[in-house]
Amino acid sequence: MRVGQKILVVEDNELNLRLFCDLLKAHGYEAEPVRDGREAVGRARDFAPDLVIMDIQMPYITGLELIEQMKTDLELRGIPIMAVTAYAAKGDEERIREAGAEGYVSKPISVVKFVEAVGTLLNPPPAPEAAPDMPARRAAR
Ligand code: MN
């Protein structure tokens with residue numbers, strides 16, 4: 001982990017917001033809280049985070065809409081997004097990933113899984129070697 005990586009935390013619930021930010025700070029990250037989803041895009045531009053943690057159920061604008069907005073924004077689309085949601089109904093994770101989120105954690109969070117997911121999104125493991133493709137197999141024939 002690189003110390004001081006910046007994480008924007010978009011969450012309307014004050015207790016969750018504090019929990020997430022405290023956890024992240026305890027692990028050496030710089031956490032920036034956003035309580036109102038309507039401010040999320042502007043704050044992301046100003047703060048230039050390395051990761052965005054996004055609540056899904058919020059008043060005024062949902063996390064799903066915000067993920068779609070960020071993933072179609074040339075300046076913000078490269079920032080990984082970890083969605084956090086209490087509704088883990090079948091199909092929810094799929095919808096969230098289709099919107100462009102790279103990670104997904106369900107509430108109530110497991111502290112260990114939450115921190116692990118953050119670490120993985122910030123420092124993804126190297127891509128595996130490409131599997132041999134058709135031309136290689138043809139050459140072996
Ligand atoms: Mn919420």
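I started with Val9 and found that its bridge partner in strand β2 is Pro33. Strands here are DSSP runs of E with at least two residues, helices are runs of H or I with at least four, and both are numbered from the N terminus. This is a predicted model, where local features need pLDDT of at least 70 and side-chain atom pairs count only at pLDDT 80 or more, while totals for chains, interfaces and linings use all residues. Residues are numbered from 1 along each chain as its sequence is written.

Next I looked at the strands themselves. β1 (residues 6-10) and β2 (residues 30-34) pair in the parallel sense over five bridges; pairing takes at least two bridges found by DSSP. Between β1 and β2 the chain passes through helix α1 (residues 14-26), and this β-α-β crossover is right-handed (with the strands pointing away from the viewer, the path from the first strand over the helix to the second runs clockwise).

Then I followed β1 to its other partner. β1 and β3 (residues 51-55) run parallel, joined by four bridges, and Val9 stands opposite Ile53 in β3.

Last, I checked Ala83. Leaving aside neighbours within four places in sequence, Ala83 is in contact with residues including Met54, Ile67 and Tyr104 (contact means C-beta atoms, placed from the backbone, within 7 Å).

Conventions. Two residues are in contact if their C-beta atoms, placed from the backbone, lie within 7 Å.
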